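Let's take a walk through this fold, one piece at a time.

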Amino acid sequence: MHPTRKAALTATALLAVAATGCEPGAATTASHRASAEPGCPTALARAKQAVKKAEAVDAPWTGPTTGPEAAAHGKRLVFIAHDLSNPGPTGVAQGVQEAAKLVRWSVRTLNGKGTPAGYRSAFKQALDLKPDGIVIAGLGPESVPDEIKKAKAAGIPVVGWHAAPTPGPDGRPELFTNVSTRVEDVARISADWITARSNGRAGVVLFTDATVAFAKRKSDLIKKELAACSDVKVLSYRNIPIPEVSKRAVGEVRSLLSRYGDQWTYSAAINDLYFRHAASALRAAGKDGAGAPFNIGAGDGDPSAFQRVNGKQYQAATVPEPLSEHGWQIVDEFNRAFAGEPASGYVSPVHIATDANSGGALSWDSEGYRQAYRKIWGK
């Protein structure tokens, strides 16, 4: 059993708040004050309830249980990652490799290197390989429109991961389907965690990558959700493209600390990667790894993020994508495409991992997905 299933829940320790309506309150304080009266009791009560549900462990498999048996051996897939420095696509690629090996297919992984030219180059290379299917992970079909048309003309199905605003077929002819959690759910629960943990009083910094439409939409939604509580203030909204995070994060954090000091009590980033690089600047500034700013990654829940969360080292929570599970789902979606059947339409639910409920694990996936897919595929 996954270690997270063994951990005890701590969400019930949250203080109960009467749902009496949201009224303007005092200005954001310079520090976390859980005992202060919140300025938004209704929003706070809803946020605490949502967080309690998302932190629950022993989540059962709610995905597909029927479908076509695995296609004949020898199918070939090409996986194009937005950027292999991003642990999200990398983790999904590993899940695709694992599932493909089970059904005796082959997978080639290509790096888009985080640029439009890199995406086009990788997709051209994928087409030259004449595969049975192509995955685009973290980049949208609008980034490679000509190449997508060529794939369609050649009868090659394209499955996306975080490649469209919504999961599922989405009515987009370019993609057979898009595998993802719902960005609205991830954004909402990330904002709810900040509201709940701060008792409705926080000074927040948001980090995003505005070059990726999916990421920008996620951070915009987080900002919108935070606005539901009048005493949760967004201090700064910083655009740092993922390929530039390693170079820019330290300088950005120093600048933010200089400007906001102790007013900065919480952070949310569209990807855990931001806190990997922000940690050194926070450490150099004398910040306690277990103290403010309390940071939550709204994706992707890679092993290094879990290590920071478990060790209370400059990241308090993550909303992990079930990366391996999504890799298996991608293989299942291709299998449905090869069989002439529609996409499964499955969307995995959101989860919040903290040091209190992770059980020391380095990833999160729903219980039983491997067994479910093996049964479907006859493996």
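In what order do the five strands of the open sheet come, and is their pairing parallel or antiparallel? Keep in mind that this is a predicted model. Reading across the sheet, the order is β2-β1-β3-β4-β5, and the pairing is parallel. At the edges you'll find β2 (106–111) and β5 (177–179); each has a single partner strand, so one side of each is left without a neighbour in the sheet. Ignoring direction, neighbouring strands are turned by 20° against each other on average.

Now zoom in on β3 (residues 133–137) and β4 (residues 158–161). These two run parallel and are joined by four bridges. Look for Val 135, which sits opposite Val 159 in β4. Helix α10 packs on this sheet, where it touches β1 (76–81), β3, β4 and β5. The direction of α10 makes about 160° with that of β4.

From there, follow α10 (residues 323–338) to another helix, α2 (residues 87–102). Their axes come within 7 Å and cross at roughly 50°, which makes α2 oblique to α10. As for handedness, α2 passes α10 in a right-handed crossing.

And who meets whom? On the α2 side, the contact includes Gly 88, Gly 91, Val 92, Gly 95 and Val 96. Among their counterparts in α10 are Leu 323, Gly 327, Trp 328 and Ile 330. Sorted by class, the contact of α2 with α10 has ten nonpolar, six polar and one charged residues.

Note on methods: Residues are numbered from 1 along each chain as its sequence is written. This is a predicted model: local features need pLDDT of at least 70, side-chain atom pairs count only at pLDDT 80 or more; totals for chains, interfaces and linings use all residues. Side-chain values use heavy atoms; hydrogens and water are left out. Axes are lines fitted to C-alpha atoms, for helices over the stretch in contact, and angles run from 0 to 180 degrees between N-to-C directions. Angles under 35 degrees count as roughly parallel, over 145 as roughly antiparallel, 65 to 115 as roughly perpendicular and the rest as oblique. A crossing is left-handed if the near helix is turned anticlockwise from the far one by less than a right angle, and right-handed if clockwise. Contact means heavy atoms within 4.5 Å. Ala, Val, Leu, Ile, Met, Phe, Trp, Tyr, Cys and Pro count as nonpolar, Asp, Glu, Lys and Arg as charged, and the others, Gly among them, as polar. Two strands pair if DSSP finds at least two bridges between them.
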